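Hi everyone, thanks for coming. Please have the sequence and the 3D view open while I talk, and stop me whenever a word is new to you.

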Amino acid sequence: MPTAETTDFKQMALARLADQAASQNDQQRAAAQVFARLDAPTRKHEEWKYLDLRQLLGQSYQLAPAQPQWAAIDPLLHQYAEDQANVLVFVNGQYAPEHSRVVSNPAQVVVCPLAEARQKYPDVVAAHLGQYAQYGDHFFAALNSAWAANGAFVWVKPNQTVAEPIIAHYVTDSSEASTLVHLRNLVVVGTSSQCTFIEHYNSTPSAFGGLTNLVAELAVGANAHLDHYKIQDEAANASHIGLTQAHQQADSRYYNTTISLSGQIVRNNLGISIDGSNCEAYMNGLMVLTGQTLVDNHTAVDHLKPHSQSNQLYKGLLDGRSTGVFNGKIYVRPDAQKTNAYQSSKNILLSDSATVDAKPQLEIWADDVKCSHGHATGALDEEPLFYLRARGIALEQARAMLMFAFADDVLARLSYAPVRDHIEKIIAERLRWQD
Amino acid sequence: MLKISNLEAAIGEKQILRGINLEVRPGEVHAIMGPNGSGKSTLASVLAGREDYEVLGGQVDFLGQDLLELAPEERAGLGLFLAFQYPVEIPGVSNTNFLKAAVNSVRKYRGQEPMDAVGFLKMMKDKMKLVNIDQSLLSRSLNEGFSGGEKKRNEIFQMAMLEPKLAILDETDSGLDIDALRIVANGVNTLKSADNAILLITHYQRLLDYIVPDFVHVLYKGRIVKSGTKELALELEEKGYDWVKQEAEALA
């Protein structure tokens, strides 16, 4: 039941921040002050023009965590094999230690909730938290930064190759009322180290939609390698607004793969600052959408130093009345000579009511660079379809094969096989809904 | 096996086939020749069920069924195979997975159980030898980055795997060097039997030195204007098409 004090999102958030004021640190207090000055984004803001947030911001949210419904949550946590993985579980933003476990050697890597890291590793947290995700006039990121949000903390020590991936499960359980969840992740990868960090967002099916407000920061040290997946498979009435910001030092590799499968309104801001030479950044995205899901991907790669390479490949398979947005920015600063920056977005519309908006934005101040962008949206090609059918393969199976093939170069980026197999299974089931 | 009667077809506004009549019986090899634009590839496409073409009239009976009523995959299931003039590259679909899907689809139409992995691999190994195709090609994406010869050999390899009743080879020989042509022809000759039939669509007589036809037909302006035995092909090679054209124009 909406009440006067909760129907205005900003008022509700300010009231809640006021309750937390006594325990806020300086960083949070500064963010709260910025948040107090910002208005919720509307479609008049260029950066938010594809999203109608009125319904999201007009509904009431429960903030106090509800009693988790484990019967509904449990299956979401065991969808693929994780025997050889570190697992952190957060339900409605609360850490669930009894469902989490760390298998890696603590001398190599620290894996724990951020709240614990604030106590145990204050120097590491202070050195990185809030240093990369600049909220500027980002309403939700400023709110997140003001909030004492919990999330995953991963700190890989220098010269370590962490064999076991770190999987963080985030489940929103809105079984009693719409839930507003703030999440904050921090991953720090030391010099010459390597690890895989997997964020998996789910929600229990319920009559109420929830809203997740995420900020993730990833500090990739010199000569380090971070493989990072963000998997979104939230309920059709659950929304997600996320800001993911990576910072790369020289000779590092950061591979981001963002898979969006479901949700009501999903906004992914992914930024990478390439702050050293000889870096490699991959931003791969796949949307497989149906119903009325809207996924808005905003990427921005900022080349600050010379001799680095970035590659953006975003693909979409859109059915029903779903909408996909790809807004890809490439900045090449004056010092970033010999930059190679590529961007490509390809989408297949599987219904007449599905739509895609794609907008490349390149700002290049250096003169000796190679940059390209390309965008294509269309129906499934007829010629390959005929070829497969002429070999006896039935129309629906031929279509599914071609859609899988289309998604393949993004899925191939998921080198952790259990997750890849799981995503492929979901997509296969989704494609069968077609007939 | 195949009986084409008065087949007329168009692409868009343009009528291309103007009354084709042709009968193919089991065990026979027919060659269809003709100048560019005479309708050879259109005939192959219409028989395989390509949707860009509109059938304006006529009938095609294939093994007792009205072929033109069937979807392309049903035609393949019944035993029709088209070796494409331009095999399609499909990135992301592995050659092997594609073959498995195709073989099991066709088996399903024929009321057979799907093949298990071991049986399928054994069959693949046997058939690979036939066209001298390399294992590494099969683990790659379908036709992606294949040379012209590799693509055509892959078509014949697919034919070997699917064991069709009627194979239509649409200019499979065009653009092949002599070694590749020999491999392709040898594959086709090995697959030939008393139960199946082959329709060769070709521009060049050279192919017919390697795959010897029982009948040669000349297609001109959407009609078969002359039929004969393999000697007709040699005559065409020697004299060109002008005399056939003149004969056809005189009759028209």
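Some housekeeping first. This is a predicted model, where local features need pLDDT of at least 70 and side-chain atom pairs count only at pLDDT 80 or more, while totals for chains, interfaces and linings use all residues. Residues are numbered from 1 along each chain as its sequence is written, chains are lettered from A and ligands numbered from 1 in the order in which they are written, and side-chain values use heavy atoms, with hydrogens and water left out.

Let's begin in chain A. When I say helix or strand, I mean a DSSP run (H or I, at least four residues, for helices; E, at least two, for strands), numbered from the N terminus. Please find strand 7 of chain A, residues 194–203. How many of its residues are buried? The count is 9 of its 10 residues, so this strand is mostly covered. Buried means under 20% relative accessible area, exposed means over 50%, and partly exposed is in between, using a 1.4 Å probe and protein chains only.

Which strands pair with strand 7 of chain A? Strand 5 of chain A, residues 166–172, pairs with strand 7 in the parallel sense over 7 bridges. Strand 9 of chain A, residues 225–233, also pairs with strand 7 in the parallel sense, over 9 bridges. Two strands pair if DSSP finds at least two bridges between them. Now look at A:Phe197: this residue is the bridge partner of A:Ile166, and A:Phe197 also stands opposite A:His228 in strand 9 of chain A.

A:Thr196 lies in strand 7 too, and is buried at a relative accessible area of 18%. Not counting residues up to four places away in sequence, A:Thr196 touches A:Pro165, A:Ile166, A:Asp227 and A:Tyr229. Contact here means heavy atoms within 4.5 Å.

Another threonine to click on is A:Thr244, in strand 10 of chain A, residues 239–248. A:Thr244 counts as buried at 3% relative accessibility. A:Thr244 and A:Glu217 are 27 residues apart in sequence, yet 6.0 Å apart in space, C-alpha to C-alpha.

Over to chain B. Here 4 strands form an open sheet in the order 2-1-4-5, with antiparallel pairing. Strand 2 (14–24) and strand 5 (65–66) stand at the edges, each with a single partner strand, so one side of each is left without a neighbour in the sheet. Strand 4 of chain B, residues 53–62, pairs with strand 5 of chain B over 2 bridges, and B:Phe62 has B:Gln65 as its bridge partner. Helix 1 of chain B, residues 40–48, lies across strand 1 (2–11), strand 2 and strand 4, running at about 110 degrees to strand 1. For that angle, axes are lines fitted to C-alpha atoms, for helices over the stretch in contact, and angles run from 0 to 180 degrees between N-to-C directions.

Next, where the chains meet. Chain A gives 18 residues to the contact and chain B gives 29. Between them they bury about 1900 Å², 64% of it on carbon and sulfur atoms. Buried area is the accessible area (1.4 Å probe) that two parts lose on being put together, summed over both. In chain A, A:Phe386, A:Tyr387 and A:Arg391 lose the most area to chain B, together 41% of what that side buries.

Now salt bridges: a side-chain nitrogen of Lys or Arg within 4 Å of a carboxyl oxygen of Asp or Glu. The structure holds 26 of them over all chains, and 4 are found across the interface of chain A and chain B. B:Glu51 meets A:Arg389 in a salt bridge at 3.2 Å, N to O. Within chain A, A:Arg333 and A:Asp302 form a salt bridge, with their closest N and O atoms 2.8 Å apart. A:Arg333 is partly exposed at 27%, whereas A:Asp302 is buried at 15%.
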